[in-house]
Amino acid sequence: MRLFLILICLSCFSCKIEKNTTSTARLGTLEKKVRQVHDTIGFAQYNWQLDSIYNRLGITDSKNNRQWKAAISPHDDYKYAGRLYYESLKGVNANTIILVGVAHRARNFTLQDKIIFGDFTHWKSPYGELKVSDLNAEIMKRLPQSSYLVHNEMQELEHSLEAIIPFLHRKNKKLEIIPILVPYIKYETIDGISTTLADVVSKILKERNLKYGKDVAVVISNDAVHYGNENWSGDLAPFGVDDAGTKKARAMDMEIITTSLVNKISTEKIKTFTEYTVQKSDYKEYKWVWCGRYAVPFGLSFANKLSQSLYNKPLTGTLLDYQSSIDHELIKVEDLGMGTTAIATQKHWVAYASLKYE
């Protein structure tokens with residue numbers, strides 16, 4: 001949830017004070033390029049901060065053998081959504097994670113109709129420097145150049161992936177990532193590029209004898225409805241901001257989830273999701289305000305097609321939990337040097353959907 005609002009994700013925009021810098025150094029003949037932490041308010045920048053949040057949530061670390069192939073996780077301030085990060089990611093145990101995130105500031109750079117990679121070698125996390133997988137470059141090498149671009153500045157400014165990384169890195173210090181951002185993309189282009197990406201990744205996994213779920217998994221970043229009529233860019237409360245309006249907004253979210261995102265995944269369901277969230281007359285405009293209106297259909301389409309390519313069967317989605325920034329007891333983070341980037345009231349709230357795919 002973010003107060004810095006342009007007409008992109010009307011809550012998840014970062015209002016950050018941290019400078020965006022990339023540190024580089026020479027590693028023999030390879031240039032080391034580190035994507036630095038951007039959000040130092042809503043998310044943890046030190047390991048002891050996230051460790052403290054785990055303690056306050058009563059989470060005890062216990063390794064498991066789950067091999068979820070994909071998951072959808074929130075990316076709002078830890079104070080509001082901390083537990084759902086854990087719930088969303090607890091069954092994601094692969095060493096290489098393909099991260100599919102929102103490109104909140106795509107409008108700033110006139111980015112559209114292509115997925116966005118970076119050429120960083122590492123990302124900084126509270127648990128040290130996290131390696132960008134060599135598969136990142138290999139995938140770009142095999143993709144048609146018309147389907148993607150490399151834009152480090154967009155990846156530096158975007159918070160939707162760095163929100164998730166500490167929870168993954170905390171439990172797996174050998175973790176490697178492939179970060180991809182999804183800007184404005186119409187459904188037909190989502191369908192086409194996700195097919196191409198699934199074909200490329202499927203071939204790489206087969207060549208390297210890597211297993212989907214065990215060795216490589218997909219994590220999709222998203223916050224659900226952004227609701228209210230205060231501190232937004234416009235009125236986002238079509239049902240009103242009383243108890244009845246809040247109930248109706250939550251019901252709409254649940255309709256989207258049960259219709260589009262759970263049970264056996266199909267092309268028809270993914271297209272239906274975009275019909276709920278994107279204006280038919282202009283794919284750059286919201287219909288129902290989920291900031292993952294492109295990241296969710298692209299990431300889920302890619303993850304599902306990868307399963308179909310490798311195993312000839314679709315993914316099955318399960319809703320783990322649904323919360324909002326105003327419906328549960330919040331985590332105390334202020335004494336940890338953290339805080340929030342937007343208010344949470346019945347006139348300004350954000351919802352979170354946690355889902356797994358097997």
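Helix packing and salt bridges in a predicted model

In this structure, which is a predicted model, Leu135, Glu138, Ile139 and Arg142 of helix H4 are in contact with Leu197, Val200, Val201, Lys203, Ile204 and Glu207 of helix H7. Sorted by class, the residues of this contact comprise 6 nonpolar and 4 charged ones, with no polar residue.

Two packed helices are described by the angle between their axes and the distance between the axes. For H4, which spans residues 135–142, and H7, which spans residues 187–207, the packing angle is about 125° and the axes lie 10 Å apart. Angles from 65 to 115 degrees count as roughly perpendicular and those over 145 as roughly antiparallel, with oblique as the class for angles between these ranges, and H4 and H7 are therefore oblique to each other. The crossing that H4 makes with H7 is right-handed.

Side chains of opposite charge can pair when their charged atoms come close. Across the whole structure, a search finds 15 salt bridges, and one of the partners, aspartate 191, is located in helix H7.

Aspartate 191 forms a salt bridge with lysine 305, with the closest N and O atoms 2.7 Å apart. This pair links distant parts of the chain, since lysine 305 belongs to helix H10 (residues 295–311) and is 114 residues apart from aspartate 191 in H7. Lysine 305 has a relative accessible area of 14% and is buried, whereas aspartate 191, with a relative accessible area of 26%, is partly exposed.

Another salt bridge joins glutamate 334 to lysine 79, the closest N and O atoms being 3.2 Å apart.

Glutamate 31 is partly exposed at a relative accessible area of 35%, while lysine 33 is buried at 15%. These two residues also take part in a network of salt bridges that links Glu31, Lys33 and Asp119.

Note on methods
Residues numbered from 1 in each chain as written. Predicted model: local features only at pLDDT ≥ 70, side-chain atom pairs only at ≥ 80, totals over all residues. Heavy atoms only, no water. Axes fitted to C-alpha atoms, helices over the stretch in contact; angles between N-to-C directions. Helix = DSSP H or I, 4+ residues; strand = E, 2+ residues; numbered from the N terminus. Parallel < 35°, antiparallel > 145°, perpendicular 65-115°, else oblique. Left-handed = near helix turned anticlockwise from the far one by under 90°. Contact = heavy atoms within 4.5 Å. Nonpolar A, V, L, I, M, F, W, Y, C, P; charged D, E, K, R; others polar. Salt bridge = Lys/Arg side-chain N within 4 Å of Asp/Glu carboxyl O. Buried < 20%, exposed > 50% of the residue type's maximum accessible area, 1.4 Å probe, protein only.
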